[in-house]
Amino acid sequence: SRSGRNGWQFLKWTQKEGEKVSGLLGAYGYQVEFLNGFGATEEAFKQAGTEGHSPTAIHLATHGFFFPDQSDASEGQDVERDLSAQPMIRSGLLLAGANKAWKDGKESPGFEDGILTGYEISQLNLTQTEIVSLSACETGLGDIKGSEGVFGLQRAFKMAGVRYLIMSLWQVPDFQTHDLMTTFYTKWLDGGMAIPEAFRTAQLDMRDKYQSPYFWAGFVLVE
């Protein structure tokens, strides 16, 4: 979801979602590090991808962004050449402190700006990560240019070595997102299903519960 110049709004269900997912993973023997609020920094995420053994599962419940390609602007029209310049930089996720940099164009001295771009993700080592769940709006969008394929977050996480990704194709309401994610993790961990089967079954459950595809069909599993 793009917020324009007014910053990004708080997603109230992400706290409950994080607590639920962390509890499920912990109950099945995973060592869990739950970071939220001011603790969910860009530095912390990058650290997970530079320690030599990335987490088995990474769950990110936040906003995603995507800047359209402006290379087709008419002659003489000003074209933004900062974040909009390259496809891998034009997609990303918002972490702690991002609002300041987003609105003011400035980051706090000594800290990352909290705007985690696809390019930055692609430079990490996440080869030990089985699944990344991007529980955010519009995180599945990329920039398609013929044979170059899809750039953006999907390409970034695959370049980093992640096996599976769950991402959204449109702005799914955060309550239904919380519902889908917790259903998926329960079926994967408690039901003993493989990740593709658990995801498909979770979507079927959501379809029966909400009927309208708007609430459940926006998320896709990418291998």
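Trainee: At what angle do the axes of helix α7 and helix α8 cross?
Mentor: The axes of α7 (residues 174-190) and α8 (residues 195-210) cross at roughly 135° and come within 8 Å. Axes are lines fitted to C-alpha atoms, for helices over the stretch in contact, with angles running from 0 to 180 degrees between N-to-C directions. Helices (H or I, at least four residues) and strands (E, at least two) are DSSP runs numbered from the N terminus. The model is predicted: local features need pLDDT of at least 70, side-chain atom pairs count only at pLDDT 80 or more, and totals for chains, interfaces and linings use all residues. Residues are numbered from 1 along each chain as its sequence is written, and side-chain values use heavy atoms, with hydrogens and water left out.

Trainee: How is that orientation classed, and what is the handedness of the crossing?
Mentor: The two helices are therefore oblique to each other; angles under 35 degrees count as roughly parallel, over 145 as roughly antiparallel, 65 to 115 as roughly perpendicular, and the rest as oblique. The crossing of α7 and α8 is right-handed, that is, the near helix is turned clockwise from the far one by less than a right angle.

Trainee: Which residues make the contact?
Mentor: Among them are Phe175, Leu180, Phe184 and Trp188 of α7, and Ile195, Phe199, Met206 and Tyr210 of α8, where contact means heavy atoms within 4.5 Å. The residues of this contact divide into ten nonpolar, four polar and four charged. Ala, Val, Leu, Ile, Met, Phe, Trp, Tyr, Cys and Pro count as nonpolar, Asp, Glu, Lys and Arg as charged, and the others, Gly among them, as polar.

Trainee: Is Gln211 buried or exposed?
Mentor: Gln211 is exposed, with a relative accessible area of 62%. Buried means under 20%, exposed over 50% and partly exposed in between, using a 1.4 Å probe and protein chains only.

Trainee: New topic: what is the strand order in the open sheet of three strands?
Mentor: The order is β2-β3-β4, with antiparallel pairing; two strands pair if DSSP finds at least two bridges between them. β2 (64-66) and β4 (115-117) stand at the edges with a single partner strand each, so one side of each is left without a neighbour in the sheet.

Trainee: And which way do β1 and β5 pair, parallel or antiparallel?
Mentor: β1 and β5 (residues 131-134) pair in the parallel sense over four bridges, with Ile58 opposite Val132 in β5.
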